[in-house]
Amino acid sequence: MTKKRKRQDDFHKVKLKVGKKKPKVENATNVNFRSKRIHLPEQLNRDDGGPTTHRQLSIKDLLSQLHHYNSTVKQDALQGLRELLASHPYLVEQQASTVLPEVAALFTDKDGGVRVAATRLLRFLAQCIPAEHVAPFFPLLSAHLTCAMTHIAPGIQEDALRVLDVLLEHYPALLSQRHAVLLANFLELISQRRMGGAGGGARGGAGGDKGAGKGSYALSISTSRSVTAQQWRLTVLLRLSRFLQAVVEERPTEDRAEGAGFLSVWGGEKAVVTPLEVTWEEQACRTGAVRVFENSGAKPTPHSTYRLRPETEPGAGVSEGLCSAETVQGFAETLVPLLLEVWVEAMGGDRAPSDSGHLLSEEAMALMFQILTILQLLRRLAPHRDQQDMLDAWFRNSYLNEFKQHFMKNFPYCQLEIARHKKKTDAKRNRQQVVGGAAASGNVEPLALNVMLCQVMVSLSLRGRGHVTGQDADWLGPIRAFVTDTLSNGGKLGSKQLAALLEVVWRMIITQQSRLVTEELLQAVYIQYQQRNLGLPVRTLLLRFFSQLYIQEHQNHPHIARSRMLARWLASVPVQLVQLGSRNPQLSAQLLQTVQSAAAWGNNDVLRNLQAHACNIYDPQEGCIVVLPAELQQHLVQILYFMPAFPADVLACLSHACNTGRVSASLATALIRTVHLRSPLSGWSSSSHDVPVRDVDYLSFLFSTLTGFSSEGLRELQQADEEGLLPASALSPLSVFSTPLQQFTHHWDVVEEVCHCLETLGSRVQCFEILQNAIIKNLCGLVVLPDCVCAAMLRCVPRLLDVNFLPSDTLLHFLSDCSLSMLSLLLQLEQSARKRDAVWEACFAALSTVPRLLRLLLQSLRVCDLCEEELPLLAQLLSLLLQHTQLRNHMAANNALLQTIIQDLTRFYGSETREQWLTDLLYCYSVTLSGHRANMAVRDIY
Amino acid sequence: MSAPMEVVLSADSAGLMWNCAVFDLHTGSNVLSYRGGNSSARSLTVLNGEYILGAQLGKNFINVWEIQRKDQLQQKIVCPGIVNCLVASPDGLYVLAGIAEAVYLWEISTGNLLAVLSRHYQDLSCLRFTDDSSHFVSGGKDNRALIWNLASVVQLDSSRVPEPRHVLSCHSLPITDIHCGLMGPQARVATASLDQTVKLWEISSGEMLLSVLFDVSIMSVTLDPCEYFLFCGGSDGSIFQVSLCSTAVSRDKTFQSDGEGNQVFKGHRNLVTCLSVSMDGTLLLSGSHDETVRLWDVQSKQCIRCIHHKGQVTNAVIVPAPANMFLPDSRPGITLPRFSRHLNPSEQGEGVATGGACLRLGTRGQDSDETYLEKRDRLHSLMCAVTDKSVFGDGENSKVRVSELEEEVRTLKKINKDLYEFSTQLLTKPN
């Protein structure tokens, strides 16, 4: 019983009743707390394995979503990828290997939106990844591209072109390596293979029956496209031309200059070896040697023009597609008939053939322009110049008649003006341009079309000896007329058009080999050239055209050499040089190059005009020689060598130019040397029949260069009262005008060169006599002299003096005055080291070479005339002379004179205390004389 | 005294004592002199080791001497104009003369004028052949140097005007001198110009390799045979040496003296017009307008010898002494024909009959087919043979040698025996 009751106690039943509150259980959880989330994104990321998009999708998720069956999901995934990669740029590098193949696979997706998104993503990736990083994935990319381009669905084909655009923009080099495959795809896009029984849309077109024999392709149209066949072809051809452009430009072969643009024809061939440029001074200082020869010179460089055995390139692989003329030819064989068909359709497609066949709609014009561009590029595909010629000949043989028939029938084309009335067409056009991807395709000027047509046609004209006069006249005539009209009607042309036109002119001049044609064309170009206010690029082009025509071609082609227009242009060059002045150094450089070549080649027109304008060109005030930059000045100096004659006035100009500071000292020495070489006195020029420089003129040139100041300048100096002037006194018989340091050093360098020239003139005695007369006549009477003139005289006299010749007393007196004045100037003024050294050197050289000069100098020192302040100066001067080792013997020889001077000095110096300077002087004196006696004693012993 | 290996051939513009003279390279003594007229610059040339040709200064003929008959002028070749420069091909088959702006090419064997090349615009200043006579270079006062292929020039195709293989047009003032290195078509050419530069080119490609800018005009240039150094004679009388390959190893850098004085040969007082290096590259010869020819030691840059002339030196060159030079009795292998003055002698009914085939063979053309590689192999085997023989001996040589040695041993034994017998007799003789 109790047992039972107990059990009941343990399991006490709580009675629940309706309407009463439920009692709380004992173990109930208290929920009166609030929780807060702690968000640790970094930690989570790490766990997750990468950053995510705003939808929390990591790159792995996104990539897997790309394979989703739903196109919206794929599109979103592509967008997400773009977002993710844009916000985390480091991922691009990391994940390129996974992302690129996935994206490439979507080029051929069924859904248009996905393809657009894929292209966008590709564009984004292309901006981030450099070409060398893409290179490993490029085979895959291009395989997918090819797949898309050859896809059966037209929409995918269209979008493939966009992908191509992206790749062309960013990786032209990589893409152009795959040209073998891609070019065929282009053909597939607008045509169909004939072989397998031409299907649905294939049709022959106008040129189809001709094409049936050669090419296995026929133009195709498909009705399912959203655009017209013509528009579609335009978009394809535009890409094709861009692609070919890339191939031409990126070709790794040697002739890079070929693809450099329109100017290539007369751009000349660039050197493949970059030569070492060394100047002697650098080389001498550096003490290292120049490395000239690669492989220590054992192997010849690979640029040799000799080809001993055919080079076999085992590893060429893909890139050998368009390397030879044959492959290009093969490609052209299929492409050109297609292009012709497109052309015919564009011509006839618009409207019924009428008499206004030359009027074209905008679209047809764009199409034609692309066709011509492609033809032009095909020509340039051949890597070597000789192959190019071969290709030209092949084009001529195979297609001249077709080209003539189709292209030249309505040759100067114009634009058909259509009133744009329909909104619908506008909308359509806009859409078309979106597909075309470039506004450039839409508006092609008729001029550009015509010029391009000229270029294509002219390249077909024959070159060389096989030419018969009158051949090709039927189609070259209109071209010539067009070019002449365009150039000479006074209109302004853009530089691009002009470059193309000039190329046409160049080619025609060379191939036609007729003087009449050359004159006509050059006349037209000259009219263009004579226009005023041409833009700089246009002016440069025209100038380059003429100068390169002269420099490169005129030797091989006598009809060019004899052209009167060219001669007229050449004759006008020196005048232009003068007129141009310092305004445009680039144009001046071009002109100078022409003048230099023409002068070197003895062109009479140029030489005559150069002679006539020499005074203006070499004018020391505002002539080209002073206003142009230094490297052009050098050309001017070099041109001087070819001048037929140097009249006195030109030499006067040159002498002034040498001494103005605007021509550097090294250039001035080069100038003097050039004149020296032309003078018969130098013994260099062997031809004795003509004398370019008369001896009198040459010597006066040298003397006035030596002086450095014109006679007017010196005369003005006599009256002038400037601060640089040191007044004359007993210690400085001449009053010396101190020139600026720069002028002094410049003049000093010039003097060195003049002295060298005078030294090598042959008979020294005569030369010195002339110099002596000139000095006596021009300088001896003067009271004020610039210090550089004094230094120059002191420098050149001892260098030129012959031992057998006795200089005149007047000269010696003048020189002793000079040296005394210079010495006292040095003692009084603070001078720069360079100047002081130069003057010391000159003075001592003069005094030691001419012993009489020293005696005269000492004789002119009259102590009684000096005032008190000048005595220390004199003492300093004497001690300087005494200290100089070279002069010691001479001083000792004048011992008596010296003794009286010193005695006078001590007598006149009244002060009681013995100053330092006097002590010094006496010390020097005793040392010199005792040393001399010792020397004498030593000599006696011997 | 044995005949010298190399001699100095020099000429001056005065021609008072002789037209040109031959000096011994090492003693400086005058060995031979050739009289008559005087020679213009860069026009003295030795033809085939048998004749000396020199263009008369300012006149339109070429003086010819047989190399062994020193005093007599052998003949004068009259040319269409004043000859500026002259050179004979090293194989002795052709002579080139620069007359005004045209290059005239004569064939020695017939005297025919083969070509007149007028591609220069101004007078020519220098002509040089490559060492294998396959190419020549012409330099003119129109700033350009042209490289010609001799074979393409000689082709008797009247319809085609010969074109130079390369046009070297980087100079901006007249070219003064040209030097052609060794190695035939792979040679390098150095050109000197008044524009103060010397440029080094490659014949095979026509590309410029090096341009050195000096501060004076350069009048003459030469390379040593190894092409280690480029020597350039300036218009102020100094000769500059440019080192073309770095031979100095870092370990002897401590002893280098200052760069400036190290690389200039100073001594001339006027234009240095001709330079030439001896075969072994140790001696440099220079001729100048100060009327001296100087010989320098390349290593120490000292002037070893000075040969005074009576006028401005126009030609000075070191040549290997021709064999005939010191044999008074020798005779030239071929007599010089009359040089024709017009391009086509057959049309004027002289020279080769029309239709006759003209066969031109080099004097050494047939047997000198051996290539350098073969020569090298031959020399190598020769050298090896010498060393091998001294150490091991081989084949029949060794057999002969062994028998010789045995013979000698036998003689020695016999002598020994004799000596022994003699001494035993002497000792055992009962006195």
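This is a predicted model: local features need pLDDT of at least 70, side-chain atom pairs count only at pLDDT 80 or more; totals for chains, interfaces and linings use all residues.
Helix α12 (residues 208–214) of chain A has the lowest confidence in that chain, with a mean pLDDT of 38. Helix α6 (residues 112–128) of chain A has the highest, at 88. Across chain A the mean pLDDT is 75. In that chain, 76% of the residues reach 70 or more.

Two stretches of chain A fall under 50. One covers residues 253–271 of chain A, where pLDDT stays under 50. The model gives this stretch 43 contacts beyond four places in sequence. The other covers residues 309–320 of chain A, where the pLDDT is below 50. Beyond near neighbours in sequence, residues 309–320 have 2 contacts in the model.

**Salt bridges**

A search of the whole structure, over all chains, finds 22 salt bridges.

| Pair | Closest N and O atoms |
|---|---|
| A:R608 and A:D605 | 3.5 Å |
| A:E759 and A:R799 | 3.0 Å |
| B:R128 and B:D177 | 3.7 Å |

Start with the salt bridge between A:R608 and A:D605. Both residues sit in helix α28 (residues 604–617) of chain A. They are 3 residues apart, about one turn of the helix. A:R608 is exposed, because its relative accessible area is 53% and the cut-off for exposed is over 50%. A:D605 has 22% relative accessibility, so it counts as partly exposed.

A:E759 forms a salt bridge with A:R799. This pair links distant parts of the chain, 40 residues apart. A:E759 belongs to helix α35 (residues 741–759) of chain A, and A:R799 to helix α37 (residues 787–800) of chain A. A:E759 is partly exposed, at a relative accessible area of 23%.

In chain B, the salt bridge runs between B:R128 and B:D177. B:R128 lies in strand β12 (residues 124–129) of chain B, and B:D177 lies in strand β16 (residues 175–180) of chain B. The pair therefore ties together parts that are 49 residues apart in sequence. B:R128 is partly exposed, at 24% relative accessibility. B:D177 is buried, with a relative accessible area of 2%.

Some salt bridges share partners. Such bridges join A:E752, A:E759, A:R764, A:R795, A:R799 and A:E841 into one network.

**A sheet in chain B**

Four strands of chain B form an open sheet, in the order β24-β25-β26-β27. The pairing is antiparallel. The edge strands are β24 (272–277) and β27 (302–308) of chain B, and each pairs on one side only. On average, neighbouring strands of this sheet are turned by 20° against each other, direction ignored.

Strand β24(B) is joined by 5 bridges to strand β25 (residues 283–288) of chain B. These two strands run antiparallel. B:L275 has B:S286 in β25(B) as its bridge partner.

Is B:T314 buried or exposed? B:T314 is buried, because its relative accessible area is 9% and buried means under 20%. This residue is in strand β28 (residues 313–320) of chain B. A polar contact of 3.2 Å joins its side chain to that of B:N315.

Which residues does B:T314 touch, not counting those up to four places away in sequence? They are B:A11, B:D12, B:S13, B:S39, B:S40, B:A41, B:R42 and B:C274.

Notes
Residues are numbered from 1 along each chain as its sequence is written. Chains are lettered from A and ligands numbered from 1 in the order in which they are written. Side-chain values use heavy atoms; hydrogens and water are left out. A salt bridge is a side-chain nitrogen of Lys or Arg within 4 Å of a carboxyl oxygen of Asp or Glu. Buried means under 20% relative accessible area, exposed over 50%, partly exposed in between (1.4 Å probe, protein chains only). pLDDT is the predictor's confidence in each residue, from 0 to 100. Contact means heavy atoms within 4.5 Å. A polar contact is a pair of N or O atoms within 3.5 Å; within protein, one must be able to donate a hydrogen and the other to accept it, and residues adjacent in sequence count only if both atoms are side-chain atoms. Two strands pair if DSSP finds at least two bridges between them. Axes are lines fitted to C-alpha atoms, for helices over the stretch in contact, and angles run from 0 to 180 degrees between N-to-C directions.
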